[in-house]
Amino acid sequence: MRDDDNLRGQGTPTINDVAALAGVSKKTVSRFINKSPLMSDATRAKVEQAIQQLGYVPNPQARALALRRNFMIAMLHDNPNGQTVLNFQKGVLSAIKDTELALAVRPVDRTSPGLLADIESFLTKQRPLGVLILPPISERDDIFDLCKRLDIAYIRVGSAALDDPAHCVASNDREVVQELTAALLAKGLKRIGFVRGPEGFRSPIERENGFRDAFANNGVALDASLMAQGNYRFDSGLAAGRELLDREDRPGAIFASNDEMASGVLHAAYSLGLAVPGDLEVVGFDDTATASHVWPTLTTVHWPIEEMGRLAATKLVSEFLGDWTHDCDLAQVVVPSYIVERASAKL
């Protein structure tokens, strides 16, 4: 009787059985299961053959105990835009769909004095393989000091590079806003309104800097009175739109820092009897479903938040699962945004 037949007769095969049949250590089998690149093709083939002969099925709970981690990615966020969170989550799930990994989404309150204690308690109890942190809390270095102290892998996500390439995924907000604003200026639209995002976020700063860059680079004076405060929500866009448009020297175009506020600007224009794009051109940022559902449809910037989620998860997982990379370039940091032209502004 063959050795594998003897092993089959002893009940459910274990990782020790696989190691014995393959003639390798238990640690080597564990490396194979975790898809580590630190083994030869010949050894990999022996372990794979032993697993097939025995019908061995890895036990996720046992593996988690050995790693002192659960097979889970944690996602931390405190973001006022629910669509942003959902789109990022969609990207993460697309990256891990063929693995044993699960995603745990944890909303937090960045204004709470107990924020760090709350995050530490969550990470200590859940023991995730790693954590993905969305803006604006991704901009807090103390959270990453905490991750390092707990020895938990992390990826910071933002509108600009926030860390070294191994721990960061970013978009190029400043550059793409500069490009879009320059296109409006090239049409002869010199008076362009701007609706800021909420204070305390890096993305509004990057987008406003891109807006200012376009004026400076094209030698056009920027009228600061045409800049209004918003908070990434529809009602703030509506209020900002009324503020900017209910004046004799109203702008010929308005750039809102996200699509929700841009849709508010559209409503403000409609309430004042202004035609878009005839009397006013409106552009947004994000390219969420809102952009294609409002009328006129919004010219906007496609913010690649779903693609960023996929890359961020792949970077995080690759640290534990070796060569599983979904064909992503793990050295990539910036996922480029691009302009989507629709009816509200012709570029």
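Which residue in S3 is the bridge partner of Met 75? The partner is Leu 132. This is a predicted model.

**Sheet**
- An open sheet is built from five strands, ordered S2-S1-S3-S4-S5, with parallel pairing.
- Strand S2 (102-107) and strand S5 (168-170) are the edge strands, and each of them pairs on one side only.
- On average, neighbouring strands in this sheet are turned by 20° against each other, direction ignored.
- Four bridges join strand S1 (residues 72-77) to strand S3 (residues 130-133) in the parallel sense.

**Helices on the sheet**
- Helix H7 (residues 115-126) packs on the sheet and touches S1, S2 and S3. The direction of H7 makes about 170° with that of S1.
- Helix H8 (residues 141-149) also packs on the sheet, where it touches S3 and strand S4 (153-158). The direction of H8 makes about 165° with that of S4.

**Helix pair H3 and H4**
- Helix H3 (residues 26-33) packs against helix H4 (residues 41-54) at an angle of about 90°, and their axes are 10 Å apart.
- H3 and H4 are therefore roughly perpendicular to each other.
- H3 contributes Thr 28, Val 29 and Phe 32 to the contact, while H4 contributes Thr 43, Arg 44, Val 47, Glu 48 and Ile 51.
- Four of the residues in the contact of H3 with H4 are nonpolar, two are polar and two are charged.

**Cysteines**
- The structure has zero disulfides.
- Cys 147 is buried, at a relative accessible area of 1%.
- Cys 168 is buried too, at a relative accessible area of 0%.

How values were computed:
Residues are numbered from 1 along each chain as its sequence is written. This is a predicted model: local features need pLDDT of at least 70, side-chain atom pairs count only at pLDDT 80 or more; totals for chains, interfaces and linings use all residues. Side-chain values use heavy atoms; hydrogens and water are left out. A disulfide is a pair of cysteine sulfur atoms within 2.5 Å. Buried means under 20% relative accessible area, exposed over 50%, partly exposed in between (1.4 Å probe, protein chains only). Axes are lines fitted to C-alpha atoms, for helices over the stretch in contact, and angles run from 0 to 180 degrees between N-to-C directions. Helices (H or I, at least four residues) and strands (E, at least two) are DSSP runs, numbered from the N terminus. Angles under 35 degrees count as roughly parallel, over 145 as roughly antiparallel, 65 to 115 as roughly perpendicular and the rest as oblique. Contact means heavy atoms within 4.5 Å. Ala, Val, Leu, Ile, Met, Phe, Trp, Tyr, Cys and Pro count as nonpolar, Asp, Glu, Lys and Arg as charged, and the others, Gly among them, as polar. Two strands pair if DSSP finds at least two bridges between them.
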